[in-house]
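Here is a short tour of one protein model, written for someone who would rather picture the fold than read a list. Have the structure open and follow along.

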Amino acid sequence: MTTAYLCLGGNVGDVAATLAKAGRLLEVGGLVIRAQSPLYRTPPWGPVPQPPYLNQVLAVTGAPSPRTLLTLALDVERQLGRDRAREARFGPRTADIDILAYGDETVREPDLELPHPRLLERAFALVPLLDVAPDIVISGTRARDALARLDRSGIERVD
């Protein structure tokens with residue numbers, strides 16, 4: 001079975017409870033959570049002023065394809081109150097589920113790029129990813145090496 005890595009995040013409402021519910025909904029949708037990082041409080045990404053996020057990475061199996069996984073992730077976001085059509089890009093959100101990687105597969109489609117095209121630039125995703133996959137290589141680059149080049153300030157583990 002192919003292992004996929006999902007980055008869950010949010011900054012609206014009771015985010016810890018929302019991320020826990022996201023995990024349960026992903027399991028109801030057929031995924032098996034193989035590993036789960038701790039929660040991290042992270043600075044917001046992008047140009048819109050907003051509160052910090054909570055982020056976490058899940059290692060999952062059970063999705064027969066990247067497309068099926070994307071459909072499930074978008075459905076779970078909707079169930080958790082996200083309305084992508086009405087929100088500001090990079091703005092506040094109740095839930096965000098990004099597919100970071102689906103095994104070693106490369107996908108280049110208008111609405112799905114794998115590995116995630118900006119993963120190696122985002123400490124907020126790499127820090128929790130390395131908790132669940134410490135030796136992962138993304139597009140020929142060790143994630144650990146990519147993280148070493150990034151600013152990790154403001155990323156705090158939530159216990």
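## A leucine and its surroundings

Leu120 is partly exposed, with a relative accessible area of 27%; buried means under 20%, exposed over 50%, and partly exposed in between, using a 1.4 Å probe and protein chains only. This is a predicted model, in which local features need pLDDT of at least 70 and side-chain atom pairs count only at pLDDT 80 or more, while totals for chains, interfaces and linings use all residues. Residues are numbered from 1 along each chain as its sequence is written, and side-chain values use heavy atoms, with hydrogens and water left out.

You will find Leu120 in the loop between strand 7 and helix 3 (123-132). Helices (H or I, at least four residues) and strands (E, at least two) are DSSP runs, numbered from the N terminus. Setting aside neighbours within four places in sequence, Leu120 is in contact with Leu126, Ile138, Thr141, Ala146 and Leu150, where contact means heavy atoms within 4.5 Å.

## Two cores

In soluble globular proteins, nonpolar side chains tend to be buried together. A nonpolar core here is a set of buried Ala, Val, Leu, Ile, Met, Phe, Trp, Tyr and Cys residues joined through side-chain atoms within 4.5 Å.

| Core | Residues in it | Some members |
|---|---|---|
| Largest nonpolar core | 27 residues | Including Leu6, Leu69 and Ile99 |
| Another core, apart from it | 23 residues | Among them Ala101, Leu126, Leu129 and Ile138 |

Beyond its neighbours within four places in sequence, Leu69 touches Ala4, Leu6, Leu31, Ala63, Ile99 and Tyr102.

## The whole protein

Now zoom out. The protein has 4 helices and 10 strands, in the order β-α-β-β-β-α-β-β-β-α-β-β-α-β along the sequence. Its radius of gyration is 14 Å, close to the 15 Å from the globule rule for 159 residues, so the protein is as compact as a globular protein of that length. That radius is taken over C-alpha atoms, and the rule is 2.2 Å times the number of residues to the power 0.38. Buried residues make up 46% of the 159.
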